[in-house]
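Here's a quick briefing on a single chain, written for someone who likes cut-offs spelled out. Have a look at the fold first, then read on.

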Amino acid sequence: RGGVRALRTRAAVLARRLRMGNCGSREVPAVAVPERTALAPSRPKTSANASTRARSSSSSSRASVGKVAAAGEPGRSEEEWREVIRAEDLAAFGSNEPGSAAAAAHSAQLGVTIEYLLEFTREHNCWHFPTWKVVTDIIKPATRARRQRFAELDAVQATGAVGRADTFASHCWGALWGLLVASLADQADVRRRVWVDVFAVRQWAGNEADHAYDAVVPHCTSFAICCQASPTKQIQGVNCLASLSNSEMLARRIDLVPERIRTQIAFLRAWSLLEIMRAVEAEARDKRFAVVMKVGNVAASKDSSGGYAFQSNSDMTKALQNLIDVRQAEARDPADAVRILAAAADSDGSFELLNDRVRSCITGARACSSFPEIQAAACGDEVLDLTGSSQKKVNDWLKAASGAGYPWIAQKLLEHGGQPNTICTGNVTPLMSAVMSGNLEVAEMLLAKCPDRLPPPHPPRGGGGAGGGAPP
């Protein structure tokens, strides 16, 4: 309690500073330049062909992606621009301060299709840029003329890619941009729209009204967070990061993890923590709200497209499960970290409950590592061929959905013959997968489908059985 009070006191002091003009933004490493429409119809839920996923794009998208750069307007200072931006947002939302519900609702309409993300990334060849470099080298030059949001540029709007976001994408600016794009595209319907701060938020001073990232989450139907994997080593059965020992990992010595690695792990960044909190709240309100976690790297695609694809890393998920501690979340601006942690302290539950939920989601990421189509299906994509797949495939899908905690997907698979107590890939059953991940609702659903496989109840003590009725 004393720690929470101290956090709140520090947050109050820093909040006053924030109100005086130092509003937080998405973090950019010190080496980087400091920075963090009309409603389009929802996409049809149809399958995407995996062989064309990395290459498909419309000719209008291809043409516009490379033609959005513009020169800045001469004769106007940055301070003057800041006031112009604040005036525009005040007129549009009735407020130019963080937390505006109107601003969040507008921002949610600035999702872009996964197809557009792929085309943008290929056109600019920025697969291996850290995200902050995409902002400084591509987004800011393209929006300099009017200091607007990238997704509001006429050329981007003309592609038809912009509209209501289905999935909120949470990520680290210190991690690779290509990792975010590849993880979102992993076995997905490329017509699904995703909310990405780089496109939906003004990347210019005066953008305080856009600082409601977390308020956009409830406007979406799913939440995806990606984490860049780093090499691990196993010491006495514990997957360890960098030079940490097994005891240091189990003690959650995040401070010993090199900063370069910490800034690439979304679970350790304060802004991502705030977004995860909102996703957990949305999940509690809507049982079909999907939380998807992707842990891995971007690698050359194994097909003939010549592109890049997401490559999951199960060893990293095991390391993260030992290390995760949301109380140690960091931000480039310490004021942001204090404010966000204070908000977490004020929310329902506790830090440890939030840690448990994050660990459960990391377990879900590992459960789906070989079956990313289950995560895509949880986000609403029609990518599961339930009539043309083998019994083994359906059982493996059921195991993945059970481990990830997607009861509506598990129910659909049960209806198509999924067997909850059959050994699957990885030498576990769907029921075991649900139990190991702590997904009680799915476990109970599966148990109801296999009562004959449960141990028979013991006869009452002193009953008249042959052995005297005493249970073993």
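Are D186 and K294 buried or exposed? Both D186 and K294 are buried, where buried means under 20% relative accessible area, exposed means over 50%, and partly exposed is in between (1.4 Å probe, protein chains only). Keep in mind that this is a predicted model: local features need pLDDT of at least 70 and side-chain atom pairs count only at pLDDT 80 or more, while totals for chains, interfaces and linings use all residues. Residues are numbered from 1 along each chain as its sequence is written, and side-chain values use heavy atoms, with hydrogens and water left out.

**The chain overall**

- The secondary structure comes to 21 helices and nine strands; helices (H or I, at least four residues) and strands (E, at least two) are DSSP runs, numbered from the N terminus.
- Buried residues account for 54% of the 472 residues in the chain.

**Salt bridges**

- The structure holds 22 salt bridges, each one being a side-chain nitrogen of Lys or Arg within 4 Å of a carboxyl oxygen of Asp or Glu.
- Back to the opening pair: the side chains of D186 and K294 meet in a salt bridge at 2.9 Å, N to O. D186 sits in the loop between α8 and β4 and K294 in strand β8, so this pair ties together parts that are 108 residues apart in sequence.
- R149 bridges to E152, with the closest N and O atoms 3.2 Å apart, and R149 counts as buried at 3% relative accessibility.
- There's also a network of salt bridges, which links E88, D89, R149, E152, R202 and D210.
- R82 and E83 form a salt bridge too, their closest N and O atoms being 3.4 Å apart. R82 is buried at 16% relative accessible area, whereas E83 is partly exposed at 40%.

- The largest cavity has a volume of about 80 Å³. On a 1 Å grid over the protein atoms alone, a cavity is a set of points where a 1.4 Å probe fits but cannot get out, and lining residues have an atom within 4 Å of a point. Grid points are joined across faces, edges and corners, and the volume is the space filled by probe spheres set on the points.
- Its lining is made of S183, L184, D186, R192, A224, V292, K294, Q375, A376 and C379.
- At least two lining residues come from each of α8 (177–185), β8 (290–300) and α17 (372–378).
- α8 is mostly covered, with nine of its nine residues buried; W177, L180 and A185 are among them.
- After α8 comes Q187, whose phi is positive, near 60°.

**Sheets and hairpin**

- Seven strands make an open sheet in the order β2-β1-β4-β3-β5-β8-β9, with mixed pairing; two strands pair if DSSP finds at least two bridges between them. β2 (162–163) and β9 (308–312) stand at the edges with a single partner strand each, so one side of each has no neighbour in the sheet.
- β3 (residues 167–170) and β4 (residues 193–195) run parallel and are joined by two bridges. F168 has W195 in β4 as its bridge partner.
- β6 (residues 232–235) pairs with β7 in the antiparallel sense over four bridges, and Q234 stands opposite N239 in β7.
- The hairpin of β6 and β7 has two residues between the strands, and Q236 takes a positive phi near 50° there.
- Strand β7 (residues 238–241) is covered on both faces: V238 and C240 are buried on one side, N239 and L241 on the other.

- I423, M432 and M436 form a nonpolar surface patch with about 310 Å² of accessible area together. Patches are made of residues with over 30% relative accessible area and no salt bridge: like charges are joined within 9 Å, nonpolar side chains (Val, Leu, Ile, Met, Phe, Trp, Tyr) within 5 Å.
- I423 lies in the loop between α19 (407–415) and α20 (430–436) and is exposed, with a relative accessible area of 51%.
- W397, in helix α18 (residues 391–404), is buried at 4% relative accessible area.
- C-alpha to C-alpha, W397 and C424 are 9.3 Å apart in space, and 27 residues separate them in sequence.

Note on methods: Accessible areas come from the Shrake-Rupley method with a 1.4 Å probe; for residues, only the protein chains shown count as cover. On a 1 Å grid over the protein atoms alone, a cavity is a set of points where a 1.4 Å probe fits but cannot get out, and a pocket is an open set with protein on both sides within 12 Å along at least five of seven lines; lining residues have an atom within 4 Å of a point.
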